[in-house]
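The sequence and model are shown first.

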Amino acid sequence: MRLRHQALSILLAICWSMAAGAAYPDRPIRIVLPYAPGAAGDVAMRQIQPLLEKRLGQPVVLDYRSGAGGNIGVQEAVRARPDGYTLVLGATNNFVINQYLYRGLGFDPLRDLEPVGKLVDVPAFVYAAGAVPAGTLAQFRDYARAQAGKLNYGSPGMGTTPHLSAYRLVKALGAEMTHIAYRGSAPAVQALLAGEIQLYIGGYSVAAAFLPQGKLRVLAVAAPERFAALPDIPTTAEAGLPDAVKSNWWAFAAPKGTDPQAIARFSDALREVLALPEVRQAYLANGFVAGPGTPAALRAEWMREAPQWEAIVRESGVVLDN
C-alpha cells in the first residue's frame, strides 16, 4: 500500500507539472526593453506584438528600462523570477559585448540568462558622405590613405556596436581616421550629411531617406547576402573584407533557471510570427531581417560571437563605467 501511495503521488506530481507547463502563459508576459522607446528592437517588437499576443493568448507588455548602455534593463531581467513571465529584448551589446566593455557590470549575460530566440538581424551598412569621392570600399580605402589624419568617422556613442565595427573597419582599411562620438544615431547621420564625418556604420532605416538624392552613399553591407532593398550594394565579403564589420541583432532572453517548456512555448510562437510573409515584408522596409531560430541556435551564436567581440574591445582599448 505504501508503494502504491508513493507511486500515485509521483504520478499526480508529474501530471500537475505537465498541466502547469501546458498552461503557460496564463497571465501577461513582461518584455523588458533596456532602451528608450524608438530603438530598433522596439520598432521590430511593436510590429509583431499583436500577432504574438494572439498566438500566446495573453498580453505582451513592454517595460522600458533604459540607461547604462542597456545594462540597467538587462540586470532587471537577470534578477527577475525565472517563471517565464519576464523576458528581456536586448541587442548584440547586451549579450556579447558589454561584459567586456564595462567595469563592474555585476552580471554575466552568458551565464545569467537563458536564450529564447532571435527577433531580427539589423544588417550594418557602411555609409560615406556624399562629398567623398568614393563609391566602393576599395576607393574609400585609397581616398582615406591619401587623406591620412584628416578624416573622421562617427558613431552613436563610445563602445556601441557601430563604434566598434567602424573602428575595426578603419583598421582593416589601413586608414588613419579620428573617431567622433555623438549622442545617438540621428545626430551622427546629420554630421555625415554636413561633412563633419566621412564614414558611418548603421542600419538601413537611419539613412535610407538620403540615398536617392545622393546625399549619402552606401559602400557595402555586412550581411551573408545582399540586402533585398539595395540589390546593387555588395556585401563586405564581396568587397574583400568579410570580417571587418559586424552587424547588430536583437534577441529575447530569460532569467537563468526559467522553465524550458515556457521558453519553448514563447520561442515557438515567435518563430510562427516571424515566418509570416507580411512580417518579413514590413521588416524589410525598416532594414530588418527576421531572425527565427531555436534557443539552442541563439546560444551557439552567443558563444561564437562573444570571443570575437572581446578581442575587438580589448584591441580598441575602450573601457566604460557602469
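The sections below cover helix packing, pockets and local backbone features.

## Basis of the model

The model is predicted: local features need pLDDT of at least 70, side-chain atom pairs count only at pLDDT 80 or more, and totals for chains, interfaces and linings use all residues. Residues are numbered from 1 along each chain as its sequence is written, and side-chain values use heavy atoms, with hydrogens and water left out.

## Helix packing

Helices (DSSP runs of H or I, at least four residues) and strands (runs of E, at least two) are numbered from the N terminus. The axes of H2 (residues 40-56) and H11 (residues 277-285) come within 10 Å and cross at roughly 165°; axes are lines fitted to C-alpha atoms, for helices over the stretch in contact, and angles run from 0 to 180 degrees between N-to-C directions. H2 and H11 are therefore roughly antiparallel, given that angles over 145 degrees count as roughly antiparallel, under 35 as roughly parallel, 65 to 115 as roughly perpendicular and the rest as oblique. In H2, Ala44, Gln47, Ile48 and Leu51 meet Val279, Ala282 and Tyr283 of H11, where contact means heavy atoms within 4.5 Å. The residues of this contact comprise six nonpolar, one polar and no charged; Ala, Val, Leu, Ile, Met, Phe, Trp, Tyr, Cys and Pro count as nonpolar, Asp, Glu, Lys and Arg as charged, and the others, Gly among them, as polar.

H8 and H12 have axes that come within 10 Å and cross at roughly 75°, which makes H8 roughly perpendicular to H12. Thr161, Leu164, Ser165, Tyr167, Arg168 and Lys171 of H8 form the contact with Trp309, Ile312, Val313, Glu315 and Ser316 of H12. Its residues divide into five nonpolar, three polar and three charged.

## Pockets

The largest pocket holds about 1,200 Å³ of space. A pocket is, on a 1 Å grid over the protein atoms alone, an open set of points where a 1.4 Å probe fits, with protein on both sides within 12 Å along at least five of seven lines, and lining residues have an atom within 4 Å of a point. Grid points are joined across faces, edges and corners, and a volume is the space filled by probe spheres set on the points. Of the 48 residues lining the largest pocket, Tyr35, Pro156, Thr160, Pro162 and Ser185 are the closest to its centre. H2, H5 (98-101), H8 (161-173), S9 (199-202) and S11 (248-255) each supply at least two lining residues. The lining divides into 25 nonpolar, 21 polar and two charged residues.

The second largest pocket has a volume of about 760 Å³. It is lined by 30 residues, with Asp121, Ala222, Ala223, Pro224 and Ser247 nearest its centre. H12 gives the most to this lining, with four residues, and the lining divides into 15 nonpolar, four polar and 11 charged residues.

## Local backbone features

Most residues other than glycine have a negative phi, and most peptide bonds are trans. The peptide bond from tyrosine 24 to proline 25 is cis, with omega near -5°; proline 25 lies in the loop between H1 (2-23) and S1 (29-33). Alanine 68, in the loop between S2 (60-64) and H3 (71-78), has a positive phi near 55°.

## Tyrosine 143

Tyrosine 143 belongs to H7 (residues 137-146). Not counting residues up to four places away in sequence, tyrosine 143 touches Val132, Pro133 and Leu151.
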